[in-house]
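Subject: Handing over a structure

Dear colleague,

I am passing on the structure below, together with an account of what was found in it. Please have the sequence and the coordinates open beside this message as you read.

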Amino acid sequence: RRALLDAQELRYFEEQLARGTRLFVALREGRLAGVISANRSFADPRWRVACAVGPDETILFRVYVAEEFRRGATGGVFVETVMQKLKDEGKVVE
């Protein structure tokens with residue numbers, strides 16, 4: 001699915017995968033519709049933000065919905081689906 005990402009997006013997501021971040025991907029009509037990043041920790045020095053949670057918790061820290069799929073139900077359904085999957089795994093979503 002890397003071909004669906006531009007160079008900047010690809011670099012960002014590869015960095016996140018190297019940090020152990022889980023990426024959930026939504027496809028619609030053969031195109032990238034969205035990506036959700038989830039991990040037990042998050043840090044962004046640009047915003048001076050850093051946080052971490054326990055082993056049975058998860059932080060959703062990037063929810064991306066492609067512009068052509070916004071203003072519909074794609075984003076909401078995608079977030080609900082990922083949250084339910086994490087809850088089914090015994091993770092509490094922060």
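Gly20, with a relative accessible area of 46%, counts as partly exposed, and this glycine is found in the loop between helix H1 (7–18) and strand E1 (22–28). Gly20 follows H1 and has a positive phi, near 90 degrees. Although Gly20 and Ala38 are 18 residues apart in sequence, their C-alpha atoms are 9.1 Å apart in space.

Before going further, please bear in mind that this is a predicted model. The chain averages a pLDDT of 86, and 94% of the residues score at least 70. Among the elements of the chain, the highest mean pLDDT, 91, belongs to strand E4 (residues 49–52), whereas the lowest, 67, belongs to strand E6 (residues 92–93).

The buried residues of H1 are Glu9, Phe13 and Gln16, and, seen down the axis of H1, they fall within an arc of 55 degrees, so they line one face of the helix. An α-helix has 3.6 residues a turn, so residues three or four places apart point the same way. The buried residues of H1 pack against E1, E2 and E5, while the face of H1 turned away from its buried side carries the exposed residues Ala7, Gln8 and Ala18.

The largest nonpolar core is made up of twelve residues, namely Phe24, Ala26, Ala33, Ile36, Ala38, Leu60, Val65, Ala66, Phe69, Phe78, Val82 and Leu86. At least two residues of this core come from each of E1, strand E2 (31–39), E5 and H2. In soluble globular proteins, nonpolar side chains tend to be buried together.

Arg48, which lies in the loop between strand E3 (41–44) and E4, has a positive phi of about 55 degrees although it is not a glycine, and at 80% relative accessibility Arg48 counts as exposed. Arg71, placed in the loop between strand E5 (57–65) and helix H2 (74–88), likewise is not a glycine but has a positive phi, of about 70 degrees, and at 88% relative accessibility Arg71 counts as exposed.

With best wishes

Conventions
Residues numbered from 1 in each chain as written. Heavy atoms only, no water. pLDDT = per-residue confidence, 0-100. Helix = DSSP H or I, 4+ residues; strand = E, 2+ residues; numbered from the N terminus. Buried < 20%, exposed > 50% of the residue type's maximum accessible area, 1.4 Å probe, protein only. Core = buried A, V, L, I, M, F, W, Y, C linked by side-chain atoms within 4.5 Å. Arc of directions from axis to C-beta. Contact = heavy atoms within 4.5 Å.
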